[in-house]
Amino acid sequence: MAYSKTAAKTASEEKKPNGYFEIPTAQDFVNLIIDRDVRVLYTVGAKTVEKLGRFGINTVRELRDRKNEVVRLLGKQGKMLTDLAMGIDNRKVIPYRPEDAKSISREITFQEDVSDYKLLNDVLLLLALCVEQRAKHYGLHGNGVVLKLTYTDMKSLTRSRSISSCEDAVSIHNEAARMLALLEQRPVRLIGVGIYNLSGEHGHQLSFYDILEDEINEQKRELKKALNGLKERYNLDFEGHLKDIYRVDTLHKTVEYMRRYKNK
């Protein structure tokens with residue numbers, strides 16, 4: 001919780017995955033970030049860091065102290081950054097309505113890099129279940145699956161596939177797993193999955209009710225089999241605690257347990 005959008009984003013990073021952090025005023029924000037790397041500021045990426053670094057500007061304090069130079073160097077972006085460095089952020093908050101979203105996704109950052117791609121595949125299933133639960137809550141269906149991966153060197157990859165309809169965890173997981181299998185196997189810090197091209201209209205034709213019913217039953221059987229596999233590998237009753245898995249804090253704790261269990 002914070003007084004501005006940038007400060008709120010910073011606060012959300014302070015106590016991950018399940019803590020609470022508050023930045024009530026601009027001065028509190030400045031006190032928190034003043035001696036941090038300039039990357040802490042909104043929109044500062046690798047290229048901006050490189051430009052500033054050439055002039056010996058590496059921290060928020062240095063950026064504030066050399067405001068005029070930063071504005072000359074970066075123009076409008078420089079003015080925005082120096083404002084943020086002083087806690088000034090007047091951007092309006094636009095209320096978020098989940099039903100208007102273009103995509104639904106869930107991702108997780110590991111506390112340590114993961115090299116076991118079987119574990120990553122298992123984590124994808126849990127993430128797919130979270131995506132399914134949210135999609136069903138809002139009555140939405142997707143027409144594509146997206147996979148996101150960030151390696152230990154912070155290089156991020158995104159892969160996507162269009163399919164006729166995807167809202168169940170089995171379909172989402174299967175597509176994401178296929179894409180994961182095609183990627184270079186290096187240590188991973190973050191993994192995520194989602195669905196896009198959302199609609200309230202279901203992709204199946206209602207005249208094929210019997211076929212659709214068989215498909216749903218097959219998905220349930222496949223999901224049950226997959227959850228039993230997780231239970232055998234990690235000695236956890238996933239099927240009996242799915243409602244808990246949907247919570248961000250429980251999901252993070254569960255995945256960390258799985259990671260440590262595999263490393264025993």
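The chat below walks through a predicted model of one protein chain.

Trainee: Before we start, what are the ground rules for this model?
Mentor: It is predicted, so to speak of local features we need pLDDT of at least 70, side-chain atom pairs count only at pLDDT 80 or more, and totals for chains, interfaces and linings use all residues. Residues are numbered from 1 along each chain as its sequence is written, and side-chain values use heavy atoms, with hydrogens and water left out.

Trainee: How many helices and strands are there?
Mentor: The protein chain has 11 helices and 4 strands. Both are DSSP runs numbered from the N terminus: helices are H or I with at least four residues, strands are E with at least two.

Trainee: And how much of the chain counts as buried?
Mentor: Of its 264 residues, 39% do. Buried means under 20% relative accessible area, exposed over 50%, and partly exposed in between, with a 1.4 Å probe and protein chains only.

Trainee: What share of the contacts comes from residues 24 or more positions apart?
Mentor: Among contacts with a separation of 6 or more, such residues account for 66%. Contact means heavy atoms within 4.5 Å.

Trainee: OK, the sheet. What is the strand order?
Mentor: The order is β1-β4-β2-β3, in an open sheet of 4 strands with antiparallel pairing. Two strands pair if DSSP finds at least two bridges between them.

Trainee: Which strands stand at the edges?
Mentor: β1 (103–114) and β3 (156–166) do; each has a single partner strand, so one side of each is left without a neighbour in the sheet. On average, neighbouring strands here are turned by 15 degrees against each other, direction ignored. Axes are lines fitted to C-alpha atoms, for helices over the stretch in contact, and angles run from 0 to 180 degrees between N-to-C directions.

Trainee: What packs on that sheet?
Mentor: Helix α8 (residues 169–181) does, touching β2, β3 and β4. The direction of α8 makes about 45 degrees with that of β2.

Trainee: How many bridges join β2 to β4?
Mentor: 8 bridges, between residues 142–151 of β2 and residues 188–196 of β4, running antiparallel. K148 has G192 of β4 as its bridge partner, and T150 stands opposite L190 in β4.

Trainee: What about β2 and β3?
Mentor: They also pair in the antiparallel sense, over 8 bridges. L149 stands opposite L157 in β3, and L147 has R159 of β3 as its bridge partner. The hairpin of β2 and β3 has 4 residues between the strands, and in it M154 takes a positive phi near 70 degrees.

Trainee: Why is β2 called largely enclosed?
Mentor: Because 7 of its 10 residues are buried, β2 is largely enclosed by the rest of the structure.

Trainee: Switching to helices. Where is N121 found?
Mentor: In helix α7 (residues 117–137). N121 has 19% relative accessibility, so it counts as buried. Leaving out residues up to four places away in sequence, N121 touches H173, A177 and L180.

Trainee: How do α7 and α11 cross?
Mentor: The axes of α7 and helix α11 (residues 248–262) come within 11 Å and cross at roughly 165 degrees. The two helices are therefore roughly antiparallel to each other. For the cut-offs, under 35 degrees counts as roughly parallel, over 145 as roughly antiparallel, 65 to 115 as roughly perpendicular and the rest as oblique.

Trainee: Left-handed or right-handed?
Mentor: The crossing of α7 and α11 is right-handed. A crossing is left-handed if the near helix is turned anticlockwise from the far one by less than a right angle, and right-handed if clockwise.

Trainee: Which residues meet there?
Mentor: K118, L119, D122, V123, L126, L127 and C130 of α7 meet L251, T254, V255, M258, R259 and K262 of α11.

Trainee: What about α3 and α5?
Mentor: Their axes come within 11 Å and cross at roughly 125 degrees. That angle makes α3 oblique to α5. T48, K51 and L52 of α3 and V70, L73 and L74 of α5 make the contact.

Trainee: Last one: which residues of α6 are buried?
Mentor: In α6 (residues 76–85), they are G78, L81, T82, D83, L84 and A85. These buried residues pack against α1 (5–14), α2 (26–33), α3 (46–54), α4 (60–65) and α5 (67–74). G87 follows α6 and has a positive phi, near 85 degrees.
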